Amino acid sequence: MEEYARERSGIYRPTSAQIALRRLIRDKTRILAYGGSRSGKTFEFCHALAALGLRYGGRYAIFRRYSNAARHSVFDDTFPKMMSLCFPTAEYKRNLTDARITFACNDAEFWFVGLDDARRVEKILGREYAAIYFNECSEINYASVEIATTRLAQRRYDAAGKLLRNRAFFDCNPPGRSHWTHKLFIEGVSPTTRAPLVDREEYGAIQINPVDNAENLPKGYIETTLAAGSEQMKKRFLYGEFSNDAQNALWKLEVVDRARVAESPRDLERIVVAVDPAVTSRESSADTGIVVVGRKRDATGSTRFYVLDDRTLSAPPERWTQAVVEAFRFWQADAVVVETNQGGDLVASALRHAAPNLPIRGVRATRGKILRAEPVAILYERGRVSHVGVFPELEDQMTSYVGVDSDCKVDRLDALVWGVTALANDDGECDGGFLTL
């Protein structure tokens with residue numbers, strides 16, 4: 001293949017779907033691989049970057065939304081694993097401080113970057129790159145993509161004098177059809193202007209699903225783990241399909257998109273970390289919803305709400321309480337809003353054990369879930385709630401929820417409702433149907 005170093009290992013054999021992705025990488029300069037969980041997308045794009053680096057040298061950037069995810073998932077795991085399987089004789093050094101890998105043969109550099117680390121992003125964007133990779137790009141807002149791709153300008157030649165074609169790689173578990181990935185790669189239009197792409201022939205997209213990588217997955221992962229999810233989760237993580245809004249759902253993705261922003265105001269009046277705790281920490285139980293929401297009055301005097309972060313996770317209390325404390329400190333929040341119907345004082349006690357001085361505001365539901373959610377959905381309809389960036393799992397729950405009979409998980413959605421309603425109640429604008437304790 002045109003721009004690949006020869007693999008020296010007899011251990012790794014790409015699947016037919018991964019070979020098809022390699023052909024796309026050879027022929028196009030903007031490539032999206034979308035599909036279900038653990039289908040080999042990240043592995044293949046890491047392989048492509050390493051192959052380009054071995055042949056051309058140069059500088060490469062791997063972006064994720066969060067720096068800890070860039071480090072733990074790609075820098076510590078997938079990239080080294082790929083090197084050991086595909087290029088076992090290639091020597092390289094790992095700089096743990098900078099999350100950077102450098103090849104010994106030609107000083108090719110690979111920077112692993114979280115877009116939440118503003119200081120490091122500024123440093124990274126001060127240089128040019130031969131290729132860049134947006135891992136889990138459904139979580140990254142398009143404004144960040146546009147800025148990063150302006151640095152895709154490093155000129156590199158191989159030993160025969162062939163010029164490298166600069167490339168940008170993208171992968172994701174597909175979100176809704178109004179997401180910028182669908183507009184850019186499937187519809188072929190600019191996500192900002194909706195105008196047809198001038199260089200449409202340079203864009204390529206391929207769907208790769210877990211079944212395409214079954215030979216490399218643990219036994220039962222597809223049949224038991226993925227197939228046990230809700231229909232919405234299976235559509236995204238098993239079948240790898242872009243979703244439509246559910247009929248009669250309280251939220252429509254186009255409504256969320258209309259108010260979406262790249263950055264929040266710097267002088268938010270109040271910020272809360274809203275928590276919807278899981279009843280148990282078993283694998284089959286719900287996640288603990290952790291959503292950060294801020295509030296500010298706009299120039300007209302109306303209150304606007306900003307969804308800043310989603311740190312929802314499935315974990316035992318000692319882990320999710322720490323995640324709440326970390327979110328509180330990172331965002332310099334004013335309070336933690338905790339739903340206390342499940343566990344009551346035990347939830348607050350667990351949080352205070354993690355951080356004794358944490359300001360906790362307990363809330364208790366007195367009406368049904370959909371009645372609590374409706375006032376928040378109305379604020380969205382009025383353009384009063386903006387998502388700062390993209391939150392795929394949260395937005396999937398929002399656009400799937402039609403009431404108590406919905407089969408989708410609502411842990412993230414519940415935390416969102418608690419957070420927005422708490423801030424709206426403070427301002428006297430919304431009756432969320434719960435008692436502040």
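On a 1 Å grid over the protein atoms alone, a cavity is a set of points where a 1.4 Å probe fits but cannot get out. A pocket is an open set with protein on both sides within 12 Å along at least five of seven lines. Lining residues have an atom within 4 Å of a point. Grid points are joined across faces, edges and corners, and a volume is the space filled by probe spheres set on the points. By this rule there are two cavities of 30 Å³ or more.

The model is predicted: local features need pLDDT of at least 70, side-chain atom pairs count only at pLDDT 80 or more, and totals for chains, interfaces and linings use all residues. Residues are numbered from 1 along each chain as its sequence is written, and side-chain values use heavy atoms, with hydrogens and water left out.

Start with the largest cavity. It holds about 70 Å³ of space. Twelve residues line it, and Pro175, Gly176, Leu253, Glu395 and Asp396 lie nearest its centre. Helix H13 (residues 392-400) gives the largest share of this lining, four residues. Helices (H or I, at least four residues) and strands (E, at least two) are DSSP runs, numbered from the N terminus. By class, the lining of the largest cavity has three nonpolar, five polar and four charged residues. Here Ala, Val, Leu, Ile, Met, Phe, Trp, Tyr, Cys and Pro count as nonpolar, Asp, Glu, Lys and Arg as charged, and the others, Gly among them, as polar. Asp396, one of the residues nearest the centre of the largest cavity, also belongs to a network of salt bridges with Arg236 and Glu393.

The second largest cavity has about 40 Å³ of space. Its lining is Lys369, Arg372, Ala373, Leu413, Asp414, Val417 and Trp418. Helix H12 (369-381) and helix H14 (411-426) are the elements that give two or more residues to this lining. H14 gives the most, with four. The lining of the second largest cavity divides into four nonpolar, no polar and three charged residues.

Now the open spaces. The second largest pocket contains about 1200 Å³. Of the 30 residues that line this pocket, the closest to its centre are Leu115, Ala118, Ala262, Glu263 and Trp331. Helix H4 (118-124), helix H5 (142-149) and strand E11 (303-310) each supply at least two lining residues. H5 provides the largest share, four residues. The lining of the second largest pocket comprises 18 nonpolar, five polar and seven charged residues.

Next come the salt bridges. The structure holds 16 of them. Each is a side-chain nitrogen of Lys or Arg within 4 Å of a carboxyl oxygen of Asp or Glu. Arginine 412 and aspartate 310 meet in one, at 2.8 Å from N to O. Arginine 412 lies in H14 and aspartate 310 in E11, so the pair ties together parts that are 102 residues apart in sequence. Both arginine 412 and aspartate 310 are buried. Buried means under 20% relative accessible area, exposed over 50%, partly exposed in between (1.4 Å probe, protein chains only). Aspartate 309 forms a salt bridge with arginine 311, at 2.7 Å from N to O. Aspartate 309 counts as buried because its relative accessibility is 1%.

Arginine 55 and aspartate 158 meet at 2.7 Å, N to O. Arginine 55 is in H2, and aspartate 158 is in the loop between H5 and strand E7 (167-172), 103 residues apart. Arginine 55 is partly exposed, with a relative accessible area of 26%. Aspartate 158 has 11% relative accessibility, so it counts as buried.

H2 itself (residues 41-56) has 16 residues. From first C-alpha to last, H2 reaches 22 Å, close to the 22 Å expected at 1.5 Å a residue. That expected span is 1.5 Å times one less than the number of residues. H2 is mostly covered, with 15 of its 16 residues buried. Just after H2, glycine 57 takes a positive phi of about 65°.

Two residues other than glycine also have positive phi. Alanine 99 has a phi near 50° and lies in the loop between strand E3 (92-95) and strand E4 (100-103). Aspartate 107 has a phi of about 65° and is found in the loop between E4 and strand E5 (109-114). Which of them is buried and which exposed? Alanine 99 counts as buried because its relative accessibility is 0%. Aspartate 107, at 55%, counts as exposed.
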